[in-house]
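Biologist: Please take a close look at one helix pair in this model. Give me the chain as background, then the packing.

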Amino acid sequence: MIDLKPYFDAVNAAEAEVQRVANELDALFRQETDEAKAQALARQPELEKAQAKHAAAISLYEQMQKANRPNDIAKNFVPVSNTPPDDTEGHQPSVIKRQEYDRLSLLDRARFVKSGGTLQD
């Protein structure tokens, strides 16, 4: 399995860069001077570049996630059976007599009750 943490860290770093540039532009724009607004507009390509890097990091992360998924093709070739399985070890009857119940250990009694078993006197 591929470790996706470095790719996720790259997405987070790119997002942090977008937020940093956006906050700087916001601070310039809030100064409400023509000079500051012109500086903010001049730095718009920097924000676009950061957003493009973020989108590329997300795309790479999603591609790595997809490559890391298990192959589901084999499940299409597994036959499905509608017949119930044979009695296996550990199978408990749904009704037992009180004497049999009294002979069970406390753990087996708990399992019997939790599985929906009933007692017959």
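Modeller: The chain exposes about 10,000 Å², with carbon and sulfur atoms supplying 54% of that area. Accessible areas come from the Shrake-Rupley method with a 1.4 Å probe, and for residues only the protein chains shown count as cover. This is a predicted model: local features need pLDDT of at least 70, side-chain atom pairs count only at pLDDT 80 or more, and totals for chains, interfaces and linings use all residues. Residues are numbered from 1 along each chain as its sequence is written, and side-chain values use heavy atoms, leaving out hydrogens and water.

Of the 121 residues, 17% are buried (under 20% relative accessible area, 1.4 Å probe, protein chains only). The chain holds five helices and two strands, in the order α-α-α-β-α-α-β from the N terminus. These are DSSP runs: helices are H or I, at least four residues, and strands are E, at least two.

Now the pair. Helix α1 (residues 5–30) packs against helix α3 (residues 44–68) at about 160°, axes 9 Å apart. Axes are lines fitted to C-alpha atoms over the stretch in contact, and angles run from 0 to 180 degrees between N-to-C directions. The angle therefore makes α1 roughly antiparallel to α3 (over 145 degrees). Contact (heavy atoms within 4.5 Å) involves residues of α1 including Tyr7, Phe8, Val11 and Leu25. From α3 come, among them, Leu47, His54, Ile58 and Met64. The contact residues divide into 16 nonpolar, two polar and five charged. Here Ala, Val, Leu, Ile, Met, Phe, Trp, Tyr, Cys and Pro count as nonpolar, Asp, Glu, Lys and Arg as charged, and the others, Gly among them, as polar.

How values were computed. Angles under 35 degrees count as roughly parallel, over 145 as roughly antiparallel, 65 to 115 as roughly perpendicular and the rest as oblique. Buried means under 20% relative accessible area, exposed over 50%, partly exposed in between (1.4 Å probe, protein chains only).
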